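Hi,

Here is the structure I said I'd pass along.

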Amino acid sequence: MKKKMLFLVLLHLACLSVVAQVYVKKLSVENLTNPIAIDVLQPRFSWNIQSKERNLHQLAYQVLVASSPEKLKAETADIWDSGQVLSAASVLVPYTGRELSSRQRYFWKVRIWDQRNKASISDETAYFEMSLLTKNDWKGKWIGSPKVYDWAKFVAQRKLLIKKGEDDIFKAAPQFRKSFHIQKKVVKARFYVSGIGYHVPRLNGQKIGDHVLDPAFTRYDKSVLYTTYDVTEKLSKGENVLGIILGNGWYNMITKTVWGFDQAPWKNDPVLLAQLEIQYQDGTVEIIFSDESWKVAASPIIFNSIMQGETYDASLELTGWDKAGFDDKAWYEAVTMRGPEGVLKAQMIQPIKITEMVVPEKITEPQPGVYLFDLGKNIAGFARLKIEAPAGTEITLKYGERLLENGLVDHADIAQHVAGSYVHTDKYISKGKGIENWHPSFTYHGFQYVEVTGLPAKPDKETITGMIIHTALESAGSFKSSNDLLNAIQRNALSSYKSNFMGYPTDCPQREKNGWTGDAHLAAEMGLYNFKAQNAYTKWLEDIADEQRLSGELAAIVPSSGWGYFWGNGPAWDNAMVLIPWYMYQYGGDQRILEKMYPNIKRYVDYLSSRAANHIVRFGLGDWAPAKTKTPPEITSTAYYYVDAVLLSKMASLLGNVQDEKKYAHLAIQIKEAFNKNYYHGKGIYDQGSQTALACAIYQGLTDNSLRETVSSLVAAVKEKDDHLDCGMLGTKYLLHALSDNGRSDVAYQIVNQRTFPGWGNWIEQGATTLWEQWNGTESRNHIMFGDVSAWFYKNLAGIAPDIAQPGFKRISFHPYFPADLQWVQASHESMYGEILAGWKRKENAVHYSITIPGNTSGEIIMPKGKTLLLDGILLSKSKYASNVLELSDGVKFILGSGDYTITVK
């Protein structure tokens, strides 16, 4: 009997031990897992704390960094031992050890102590590797190709151009090669390369990595990115060959458009900087770097433009050019170049990649020999061509998202700002040797349809494959519901977001490809809910800082050739530099980005003050692309000026700048007073009472003592439009949140749930697979500026939102709305602390709301008032897990610690 009792006690203790087990997982450095190119002198560490136990939180941590995995295993932290730090911080904890060195790999782990003072240590050996941190680390030189390869051919072409009265002759993309020999065992090899505009690196006949359109576009006279590859396993004894092809990209814009990138201050021929560092087993290091010893020749890419397309002549291929044994005596020696003026930086934004392949849904022949491939959805990328054709066959691929009445591709909207007739078109000239597969390397398109001419035989669905490309952001969220329309809107928003992130956020992937700042900040919250986009936004904010003038003025598109200061800039667009850092703090707990951007933001707010008249700002674009009613731009411009002052004051407070905190708080009060003096007409009416004007005043916090009346006026304005929106890109974001944040989620839901004009559902009724630019369907059909509806889904239907008092989802706000005609909702968000889950379903006259709160966080829950509330089947008032229960005017609020819960609302 005693043995049995002892067994039961031990079994009970074992069960408790299992339940209480704490795991330290998902270690990252600067939001990256085991990165090999950290370009930050004080990198930040993050980790997740996981357990089945509820109310788990961290009391202290210890970060250990060592120079080898062996030392780390022995806990000999010869680089940095933080010691036990009494802190709950587990996100973006800064390194404060000794100076880190270029190229070096460091190994790290973390120990945490939970609320019971029990220690747990990460079981994975994480690492990070530093980039080339100083100019002296670079041995390579910027190199380029000769201006002319073949003078006889050049002269003939030039004479023809003169005769025709034309003024341009384009040069083939250069391809470089460097042969070198290895005789010893390699233990480590890193390839650092910056080929701009874009580069395709190759080693021993194989492409290195899976990046496309690399490196990301920057303002090259301020910043230049380079890519780092681990090529240890790709080297072999004997002769090895590096090969690199360069494209024009944005560095050498050859296309004449209204945005004038062909006149950019950085414009020049493509150039290459490369450095291969090989570490041998005997401890020696060899560096192969770009210089005059490299050879260069014209590649088969005889034309390439990011705005127009690419032409590839396969008959010009030189078999084996990037392999050992190739005879390059006829090739030219590379030419040393000055190169771009920008500071070299390691690329820490995720690269652009091919992420999906799309098989055409149907093929038609609108004219004899002209074939139209319909992918069934609008994408950003290019087509892969698979053919078997006689040598010299020229096949033309014309891309578009609309069709003419005759069934051919319509380029009217796409081509309206581009000089010449050659736009969004790729050409391939076959070599006539069996099956040939090809896709472009230095361009991309926005399209649903590919019009193909020149095929030697009737095609099939393997002839053309759509290749989707975008910055390869890892997914961070999901949303779905019992309403198919909402699911379609979410799907379309995700498609447009991905289509419009190509190393920087764009407006559209076909007509412009410009980094419009307004579009970007309107979509930033949906981006942070759905994707791990922190590093992508960090990179682009650096672009904005590079672009800002000394006066504080900002460009409407970033990067910009200068055109961005000519048209479109103003507070409603420029606010990307203010709002996106704040969102990154709000959603990711990133205070460093506030510190980094603070001087720029302050300079910008001071610039606005210099342009304001009695605290009213009257320049800049307003509520672009309205459904019908227009709202004066000074309404939205002044409101953003107010928001800027408020946020700058808050940032100053966080950073300990008391003087600025007071200064800009006072400025905000003055702007608010001026706004209400000029635009408030009493009885809840701002300006002429448009939805945008009313929602703007509410959403931006300008209503003073008229909030309730203004909300009522906004509801009336929506009802007047039969529960439809009547806003443009700015007002649409304000509208949904202004309503939901003030107790009228029911009205916001009715707006979103419409299938008639204007609205997201109306686009879907017309077959949309992305978000469009105009509510009436004109212009671009792949725009992201109306994408914040996705963020509204998370915040209001799933109820997941950050709490600014404890940012980065350290405390999660759960406040869902349960529409009567919705049966269920399911959502997730991968926060910096771990995965947040929230979902609800209707069953037996009750709503069951299930949530997961990650370790080391807590949740503030608000449920409807006047209902019976159960927590895991027990009355809320009797649950030991709910704390700080408080009745509000419109609900019941309480706090839960980490864990899984189900709340029943009856």
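Starting with a pair of helices: α13 passes α14 in a left-handed crossing. Keep in mind as you read that this is a predicted model. Helix α13 covers residues 691-699 and helix α14 covers 707-720; they pack at an angle of about 150 degrees, and their axes are 9 Å apart. Since anything over 145 degrees counts as roughly antiparallel, that makes α13 roughly antiparallel to α14.

Who makes the contact? On the α13 side you'll find Gln691, Leu694, Ala695 and Ile698, while α14 brings in Leu707, Thr710, Val711, Ser713, Leu714, Ala717 and Val718. Sorted by class, that contact has eight nonpolar residues, three polar ones and no charged ones.

Now the charged pairs. Searching the whole structure turns up 46 salt bridges, and here are a few to click on.

- Glu30 and Arg592 meet through their side chains at 3.6 Å, N to O. This pair links distant parts of the chain, 562 residues apart: Glu30 sits in the loop between β1 (23-29) and β2 (44-50), and Arg592 in helix α10 (residues 592-611). Glu30 is buried, with a relative accessible area of 6%, whereas Arg592 counts as partly exposed at 23% relative accessibility.

- Lys733 and Asp788 form a salt bridge at 3.5 Å, N to O. Buried or exposed? Both Lys733 and Asp788 are buried.

- Arg755 pairs with Glu765, and their closest N and O atoms are 2.7 Å apart. Because Arg755 is in the loop between α16 and α17 and Glu765 is in helix α17, the pair ties together parts ten residues apart in sequence. Arg755 counts as partly exposed, at 38% relative accessibility.

There is also a network to look at: Arg105, Glu129, Lys188, Arg190 and Asp230 are joined into one by salt bridges that share partners.

Over to you!

Terms used: Residues are numbered from 1 along each chain as its sequence is written. This is a predicted model: local features need pLDDT of at least 70, side-chain atom pairs count only at pLDDT 80 or more; totals for chains, interfaces and linings use all residues. Side-chain values use heavy atoms; hydrogens and water are left out. Axes are lines fitted to C-alpha atoms, for helices over the stretch in contact, and angles run from 0 to 180 degrees between N-to-C directions. Helices (H or I, at least four residues) and strands (E, at least two) are DSSP runs, numbered from the N terminus. Angles under 35 degrees count as roughly parallel, over 145 as roughly antiparallel, 65 to 115 as roughly perpendicular and the rest as oblique. A crossing is left-handed if the near helix is turned anticlockwise from the far one by less than a right angle, and right-handed if clockwise. Contact means heavy atoms within 4.5 Å. Ala, Val, Leu, Ile, Met, Phe, Trp, Tyr, Cys and Pro count as nonpolar, Asp, Glu, Lys and Arg as charged, and the others, Gly among them, as polar. A salt bridge is a side-chain nitrogen of Lys or Arg within 4 Å of a carboxyl oxygen of Asp or Glu. Buried means under 20% relative accessible area, exposed over 50%, partly exposed in between (1.4 Å probe, protein chains only).
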